[in-house]
Amino acid sequence: MKKIINDPKRVVDESVAGFGLAHADIIRVELDPIHVVRADAPIAGKVGIVSGGGSGHEPLHAGYVGFGMLDAAVPGAVFTSPTPDPILAATKAVDGGAGVLHIVKNYTGDVLNFETAADLAAADGITARAVVTNDDVAVKDSLYTAGRRGVAGTVLVEKIAGAAAERGDSLDEVADLAERVNANARSMGLALTPCIVPHAGEPSFTLAEDEIEIGIGIHGEPGRERIKLEPADGLVDRLIEPVLDDLPYSSGDRVLLFVNGMGGTPLIELYLAYRRAAEVLDERGITIARSLVGNYITSLEMQGMSITLLKLDDEMIELWDAPVQTAALRWGR
């Protein structure tokens, strides 16, 4: 194992500390219990938004804390859900009196621990609602989930819901919008290589040199099938066709096309993949109204990618374009 680390057990603590030093203008880091909070939180009268989950998916979630997006993020150990205590601390830290929205990826530990934290917050007089993301079309049940997994669509939910909270929407309005975004987002990914969890010290699964996994999860969970490596256009088709057919998306739709890297895939390959995805959408009469390309929800150093489509309406476009200032997304401000 070759990694730029010290003690494998302290990777998250030391990384989050560095993140806090690098971005002290927009966030602050609380270490006991560990959570990342927007520098100006809590904001009176504003709905607070909290997300979180296992580390190893950076920039998700701490990279999206700041103006126009999340108010707090709670990092667990690598690929391990945070416990209720730091989720509760983050919820209290961002409560401005208008309630708090929890955005939770559909993994059993995340869902249970956020539910527990919400119950504890209610006992302290804080109203919290949860929206669970489940945009992965690859498999119904997986190693960590009952039902579909929450993957790259989570980034889009966080951005659009964050913009709605920033403009002053109520808790129910922000939550309902987040549900609408999730309901109109679909994703599927693939892996060329496994990743190595620092404290494990060995690959999370094995692939032969000429094999790839179609439908991989962001923790290295099994997907739909293993196939021999093939040219990029064929791989894109294997991801985007199931995504298109699932909602389904149809001629005349406007979409946000999100081509995401899994951590170890260079942008030159992601843009190559985007080109083919755009061709497929054009053939189907679907308009790409907005785009996002890059490593935005990762699986450590895994080589691979995912493709996400979000069916857009006018309000979603307006909120996607709204100003945002975080470590990982920043425009308009």
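1. Helix 7 (267-283) is the main contributor to the lining of the second largest pocket, giving three residues. Helix 6 (232-246) and strand 12 also supply at least two residues each; helices (H or I, at least four residues) and strands (E, at least two) are DSSP runs numbered from the N terminus. This is a predicted model, in which local features need pLDDT of at least 70 and side-chain atom pairs count only at pLDDT 80 or more, while totals for chains, interfaces and linings use all residues. Residues are numbered from 1 along each chain as its sequence is written, and side-chain values use heavy atoms, with hydrogens and water left out.

2. The second largest pocket holds about 210 Å³ of space. A pocket here is an open set of points on a 1 Å grid over the protein atoms alone, where a 1.4 Å probe fits, with protein on both sides within 12 Å along at least five of seven lines; lining residues have an atom within 4 Å of a point. The volume is the space filled by probe spheres set on the points, which are joined across faces, edges and corners. Of its 15 lining residues, Leu-192, Ala-232, Leu-235, Glu-269 and Met-305 are the closest to the centre.

3. Where does the largest pocket lie? Domain 1 (14-184) and domain 2 (185-324 + 327-331) both give residues to its lining, so the pocket lies between them; the bounds come from an automatic or database domain assignment. Its volume is about 480 Å³. Of the 28 lining residues, the closest to the centre are Ser-15, Ser-55, Gly-56, Glu-58 and Leu-300. Helix 1 provides the largest share, five residues.

4. By class, the lining of the largest pocket has 16 nonpolar, nine polar and three charged residues. For the second largest pocket the division is nine nonpolar, four polar and two charged. Ala, Val, Leu, Ile, Met, Phe, Trp, Tyr, Cys and Pro count as nonpolar, Asp, Glu, Lys and Arg as charged, and the others, Gly among them, as polar.

5. Do look at the two aromatic pairs. Rings of Phe, Tyr and Trp (its six-membered ring) pair if their centres lie within 6.5 Å; planes under 30 degrees apart are stacked, over 60 edge-to-face and the rest tilted. Phe-258 and Tyr-296 have ring centres 6.0 Å apart and planes at 65°, so this pair is edge-to-face. Phe-258 sits in strand 10 (residues 254-261) and Tyr-296 in the loop between strand 11 (287-294) and strand 12 (304-311), 38 residues apart. Trp-320 and Trp-331 make a tilted pair, at 5.4 Å centre to centre and 50° between the planes.

6. Trp-331, at 27%, is partly exposed. The cut-offs are under 20% for buried, over 50% for exposed and in between for partly exposed (1.4 Å probe, protein chains only).

7. On the backbone, the peptide bonds from Ala-41 to Pro-42 and from Leu-247 to Pro-248 are cis. Omega is near 0° for Ala-41 to Pro-42 and near -5° for Leu-247 to Pro-248. Leu-300 has a positive phi near 55° although a residue other than glycine, and Leu-300 is found in the loop between strand 11 and strand 12.
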